[in-house]
Amino acid sequence: MLRWLLVVFLALVLINGLTPWLRRLGLGRLPGDFQFRLFGRDWFIPLASTLLLSFVLSLAVKWL
């Protein structure tokens, strides 16, 4: 369980770091992606984008 939690956390950190590049591709504006301001900082939680990228990567790995 801890391993999956770590994988999800690392995926969210990676996607959050790649946000400017991914926004040019149209990701980050899906219905399940949340962006809000809390304590003077912008927070971005890309749930739908994470699922979509995970699905695409799993298909790519399956075909390789």
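What share of the contacts in the protein with a separation of 6 or more is accounted for by residues 24 or more positions apart? In this predicted model, such residues account for 26% of those contacts. The protein has three helices and two strands, and these elements follow one another along the sequence in the pattern α-α-β-β-α.

**Overall dimensions and burial**

- Taken along the principal axes, the box filled by the C-alpha atoms of the protein is roughly 45 × 30 × 20 Å.
- The protein comprises 64 residues, of which 16% count as buried.
- The accessible surface of the protein comes to about 5,700 Å², and 75% of that surface belongs to carbon and sulfur atoms.

**The nonpolar surface patch**

- A nonpolar patch on the surface is formed by F34, F36, L38, F39, W43, I45 and L47, which together have about 700 Å² of accessible area.

**F36 as one member of the patch**

- F36, which is one of the residues that form the nonpolar patch, lies in strand β1.

Terms used: Residues numbered from 1 in each chain as written. Predicted model: local features only at pLDDT ≥ 70, side-chain atom pairs only at ≥ 80, totals over all residues. Heavy atoms only, no water. Helix = DSSP H or I, 4+ residues; strand = E, 2+ residues; numbered from the N terminus. Buried < 20%, exposed > 50% of the residue type's maximum accessible area, 1.4 Å probe, protein only. Contact = heavy atoms within 4.5 Å. Areas by Shrake-Rupley, 256 points an atom, 1.4 Å probe, with all protein chains shown as cover. Patch = residues over 30% accessible without salt bridge, like charges linked within 9 Å, V, L, I, M, F, W, Y side chains within 5 Å. Salt bridge = Lys/Arg side-chain N within 4 Å of Asp/Glu carboxyl O.
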